[in-house]
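Work through the exercises below with the sequence and the model open beside you. Try each task before reading its solution.

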Number of protein chains: 2
Amino acid sequence: MEEVIIASEKLHRFVVQVFEHVGFSSEHALQGANTLLDADLRGIDSHGVARLSGYIRLLEAGRANAKPNIYITRETPSTANIDADLALGLVSGAYAMNVAIEKANNVGSAWVTVHNSNHFGIAAHHAMKALPHDMIGIAMTNASPLVAPAGSKQRMLGTNPMCFAFPSRNQHPVIVDTATSAAANGKLEIAQRKNKSVPEGWIQTENGENTTDANALKNKGSLLPLGSFAELGYHKGYGLGAVVDIFSGVLGGANFGPFVPPFVSFLPVLPNAPGKGVGHIFGVMRVDAFQEKEDYYRNMDLWIETFQKSIPINIENPVLIPGQPERECAEERMLYGIPLHQLVYNDLTEIGKKYNIIL
Amino acid sequence: MEEVIIASEKLHRFVVQVFEHVGFSSEHALQGANTLLDADLRGIDSHGVARLSGYIRLLEAGRANAKPNIYITRETPSTANIDADLALGLVSGAYAMNVAIEKANNVGSAWVTVHNSNHFGIAAHHAMKALPHDMIGIAMTNASPLVAPAGSKQRMLGTNPMCFAFPSRNQHPVIVDTATSAAANGKLEIAQRKNKSVPEGWIQTENGENTTDANALKNKGSLLPLGSFAELGYHKGYGLGAVVDIFSGVLGGANFGPFVPPFVSFLPVLPNAPGKGVGHIFGVMRVDAFQEKEDYYRNMDLWIETFQKSIPINIENPVLIPGQPERECAEERMLYGIPLHQLVYNDLTEIGKKYNIIL
């Protein structure tokens, strides 16, 4: 399968125009494009422009709102809960992080939940917004149920990512952005496209049997929590996925567990939903709310240098700092462009034709 | 090997007396005993009274302080950093959670870091202190380096637990308390004692080779991060362990990574330590800072009921809610007493003889 390489600026401009065409304000279109491009730059191809047509279908189906009236439903000096009015999470995430940063500026730290929202792209994009403010950023979201709890064969949780972004000074920031499942759905999709088998421990069949068949997920199978097997601690991955779900869903009044609305617009939303839409949570902490900024940065840089120097098993593969592969990918793609899978490229040109926007 | 069963009240009284004998105030002795007994009740035997002699040796070696002057070094309305003055974490954790709860009462949520501290027992004990206040509790700590980063053969991180405790009303609370390594050190010790092999994916040798030899850790081997293998996502466990280390160590000015002082008093503390002692972080959030308390509790109970009903692979093993096995263990041990390994019992009676305290 061929790849098409496109300059990131060009792709960004295209996405902005598409979002504006479907009714977004300039500000929201920019927020949407920034989030998607960040995913493509950082190499999280499953969460970038590959999803643009999916977002549009959600808008067309009335499950997402192009002109949302996002507002705070409840707040304290260090917390807020936001009704996203069915905005894309790409947009409501930007709103929520602004609220969180303002509150942390005032009182040291903040948590902001969002309900009545939709898929928010990559968690890292949102969490990293804290960094220029000398703040630590946290972002989590729940998602369509694909993962089974430890010992279950039922899809109950999304791949529910946790992201933590720590600012640094002379080194690059530490960005931990991790699904709480053993494998991200994106990796599975790649295996499906290539018709390759996957490692044991990623998925199980409808009956809860381990399998290496990448297509098992399409046949009512489920993803396994991080840890993969009982003896390797998959109850921990299940527990962390539950944490993300409760923070994102229960705490702010969004849906949770099997009630989280599916990303794909053709799947039905479960009746009797206990909450509203998809949910997220964002957290920020001012580093100088704990010690002198200088002291934090000196030790954060030292942390990174110390871990960079930890002895590798294979001398040719130095130990990586969390976030390093994604940053290196982004640096490369900023220079050389973003490689799009032919199917994704076709998808975008279809959108372009429909709206008369040139890619 | 025989077990000795002791009533929890009796064991609790003994631990209080021992801590008082070595110089603790009544309040601190009670906090210490509460934390250790909670571990033994909940079945986390490696973190309960089995460690009492270790704590005493830290006090005797001057690495821990029986009469600490714990104080806040910096604060904002929603944050504080605490100098534990080398208190045991059992004691400084109680102090920090009180500060956090008071701040969250005022402004909705709070984060409290602790530096210059020592081992804090089980994370769940601290996080659960938030529950009676209608608050979510978070507790993390770094610890003696035993875990290698993904692709490294060097011990750089502790088993660094994350704990999240969510209050509920008609159901039992959800308590996620998980090491970020594939296996807890306690489980490894059990295998060592029984001379049994361990699953592949728990540990590696000094050279970074996988092994099932439980004794490899004693021979300069290292524990593997949650995920165990590259293809099962052990970079995620490494990333989460890093998050705990940066929050616990870097943010509040404690040590981090390989600089965290070892729990055992006979191992030397590394020179040029960048921080002070062991570090922890505690977080609390008022549930009514996000929505009506009633709405939170209704949906939290529904979350638990929904996950309890998820379809098990084996019909005889219903799906567990995080924290359920520990709670059930505690209920049983409250009634029938706490089974102590003969070596632990001998250890305690030795202490009793030395201080003239009857177990």
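The exercises that follow concern a predicted model, and each task is followed by a solution in steps.

**Exercise 1. The relation between the chains**

Determine by what turn and what shift chain A can be laid on chain B, and name the relation that results.

Solution. Begin with the general idea that two copies of a chain are related by a rotation about an axis and a shift along it. Here chain A can be laid on chain B by a turn of 180° with a shift of 0.0 Å along the axis, and the RMSD is 0.0 Å. That is the relation of a two-fold axis. To place the axis in chain A, look for Gly227(A), whose C-alpha is the nearest to the axis in that chain, at 2.3 Å from it. Finally, compare the contact residues: 100% of those of chain A recur in chain B, and the same surface serves both copies.

**Exercise 2. The side of chain A that touches chain B**

Find how many residues each chain gives to the contact, and which element of chain A gives the most.

Solution. The contact takes 69 residues from chain A and 69 residues from chain B. Next, go through the elements of chain A that each supply at least two residues to the side that touches chain B: these include strand 2 (71-76), strand 3 (79-83) and strand 4 (109-117), and also helix 7 (234-250) and helix 8 (293-308). Helix 8 of chain A gives the most, with eight residues.

**Exercise 3. A pair of helices**

Decide how helix 1 and helix 2 of chain A are oriented to each other, and whether their crossing is left-handed or right-handed.

Solution. Two packed helices are described by the angle between their axes and the distance between the axes. For helix 1 (residues 8-21) and helix 2 (residues 26-41) of chain A, the angle is about 140° and the axes lie 8 Å apart. Only angles over 145 degrees count as roughly antiparallel, and helix 1 and helix 2 of chain A are therefore oblique to each other. The crossing of these two helices of chain A is right-handed. Among the residues that make the contact are Leu11(A), Val15(A) and Phe19(A) of helix 1 and Ala33(A), Leu36(A) and Leu37(A) of helix 2. Taken as a whole, the residues of this contact divide into 10 nonpolar, five polar and two charged.

**Exercise 4. Two sheets of chain B**

Give the strand order of the sheet of seven strands in chain B, and then that of the sheet of three strands.

Solution. Strand 2 of chain B runs antiparallel to strand 3 of chain B, to which five bridges join it, and a hairpin connects the two through two residues. Further along the order, strand 4 and strand 11 of chain B pair in the antiparallel sense over seven bridges, with Val114(B) opposite His280(B).

The sheet of three strands in chain B is also open, with the order 9-8-10 and antiparallel pairing. Strand 9 (210-211) and strand 10 (222-223) of chain B each have a single partner strand, so one side of each is left without a neighbour in the sheet. Strand 8 and strand 10 of chain B pair over two bridges, and Gln204(B) stands opposite Ser222(B).

Note on methods: Residues numbered from 1 in each chain as written. Chains lettered and ligands numbered in written order. Predicted model: local features only at pLDDT ≥ 70, side-chain atom pairs only at ≥ 80, totals over all residues. Least-squares fit on C-alpha atoms with pLDDT ≥ 70 in both. Contact = placed C-beta atoms within 7 Å. Pairing = 2+ DSSP bridges. Helix = DSSP H or I, 4+ residues; strand = E, 2+ residues; numbered from the N terminus. Axes fitted to C-alpha atoms, helices over the stretch in contact; angles between N-to-C directions. Parallel < 35°, antiparallel > 145°, perpendicular 65-115°, else oblique. Left-handed = near helix turned anticlockwise from the far one by under 90°. Nonpolar A, V, L, I, M, F, W, Y, C, P; charged D, E, K, R; others polar.
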